[in-house]
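My plan was to go from single side chains to the overall build.

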Amino acid sequence: MFYFFSRRAFGTPKGASRARFTDNLATLTRYGRAEPSGNSYRITRYAGPVAWTRDALSGVSGGLLIYVHGYNTTQKRMFDRQAKIVAGLRAKGFDGAVLSFDWPSRGSPSPAAYKADKEAAKHVARPFIEEGLEVLRRHAPGRPLAVLGHSMGALVTLRGFGEVAAGWKLDETLLVAADVDRVWLDRNAWAGSVMAKRTRRLINYWHHKDRVLALAQGLNGGALRAGRDGMPPRTAPSHHDVSVEARFEATFPQASKDVSHSFYFDDARFYEDLARVLAGQDVSGAPTRRPAAGGEQELRP
């Protein structure tokens, strides 16, 4: 079973036979779990977060990882990816819970849909913190708490902490193929300064062969993306770049690079590195990494 909290509206679309989560923005946060059922998922909704948190953490001794999906992600695709993250991390010894934040991405690659998703990401940023992360902190005190923001999910994460004056810190923030302006993460820019206060460690996994982010760069007026060009030269001491380009090239040497934006979720080395990070390790000398140019690191091929 996969536990999630959602800002998708729930209702019965015109012509549909039953109520379901839609691609529209909701005015409240709903809490649920999804169970695989054939090629789909059977969803159970909770009346509130207390029972949801109890069930989500039942039998779990470790910390919490919240996966925030990106642009062009249907709800089913989010659950499929959550299943991969759970399996990948368990294989590397992670004993915590993997939960997801579900927001109304429209599951379409068109420029208009991209713009709509970006607006939606801005609207859900505050409730992601106030009705998600803070709920988990309240009902699961003392648990290590980490966020993995993939693609536009990084925008949700950064904006959320930029809007909410949280008096606490995430243990780990993982930006993966981050679709955010690179310059925002300068130590004196808004996101860089905010996250220096809101997380104990931020790791930005990136590579320059990311085709989706090359398109996103064009849709954002040419602004370099952190998930394709890394963070700027001046970052907070707790913020670290990790290039995955050598690993990507070694794993997918064929000419077609259609998986360039999402290969992370099918890669055992990425999960091994991620599990070490979630365990609170100093990963700088880990066997998953080697030194890279500029004093940063990269995943080993």
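Ground rules next. I am working on a predicted model, where local features need pLDDT of at least 70, side-chain atom pairs count only at pLDDT 80 or more, and totals for chains, interfaces and linings use all residues. Residues are numbered from 1 along each chain as its sequence is written, and side-chain values use heavy atoms, with hydrogens and water left out.

**Entry 1: salt bridges**

I counted a salt bridge when a side-chain nitrogen of Lys or Arg lies within 4 Å of a carboxyl oxygen of Asp or Glu. The whole structure gave me 23 salt bridges.

I looked up arginine 8. Its salt bridge goes to aspartate 23, with the closest N and O atoms 2.9 Å apart. Arginine 8 is in strand S1 (residues 2-11) and aspartate 23 in strand S2 (residues 20-37), so the pair ties together parts 15 residues apart in sequence. I took helices (H or I, at least four residues) and strands (E, at least two) as DSSP runs, numbered from the N terminus. Is arginine 8 buried or exposed? Arginine 8 counts as buried, at 1% relative accessibility. Aspartate 23 counts as partly exposed, at 32%.

I went back to glutamate 163. Its side chain meets that of arginine 159 in a salt bridge, 3.2 Å from N to O. Both residues lie in helix H4 (residues 153-163), four residues apart, about one turn of the helix. Arginine 159 is partly exposed, with a relative accessible area of 27%.

Helix H9 holds another pair, arginine 276 and glutamate 272, four residues apart and separated by about one helical turn. Their side chains meet in a salt bridge at 3.6 Å, N to O. Arginine 276 counts as partly exposed at 23% relative accessibility, and glutamate 272 does too, at 24%. I also noted a network: salt bridges that share partners join Arg126, Glu130, Arg159 and Glu163.

**Entry 2: H2 against H9**

At what angle do H2 and H9 pack? I read about 75° between helix H2 (residues 75-90) and helix H9 (residues 268-278), with the axes 9 Å apart. That makes H2 roughly perpendicular to H9. My cut-offs: under 35 degrees is roughly parallel, over 145 roughly antiparallel, 65 to 115 roughly perpendicular, and the rest oblique. The axes are lines fitted to C-alpha atoms, for helices over the stretch in contact, and angles run from 0 to 180 degrees between N-to-C directions.

I then listed the contacts (heavy atoms within 4.5 Å). Lys84, Ile85, Gly88 and Leu89 of H2 meet Tyr271, Leu274, Ala275 and Leu278 of H9.

**Entry 3: histidine 150**

I found histidine 150 in strand S6 (residues 145-150). Histidine 150 is buried, with a relative accessible area of 3%. Leaving out residues up to four places away in sequence, histidine 150 touches a set including His69, Arg81, His261 and Phe265.

**Entry 4: the whole protein**

I counted nine helices and 11 strands. Of the 301 residues, 55% count as buried. The C-alpha trace spans about 55 × 40 × 40 Å along its principal axes. Among contacts between residues at least 6 apart in sequence, 71% join residues at least 24 apart.

Notes. Buried means under 20% relative accessible area, exposed over 50%, partly exposed in between (1.4 Å probe, protein chains only).
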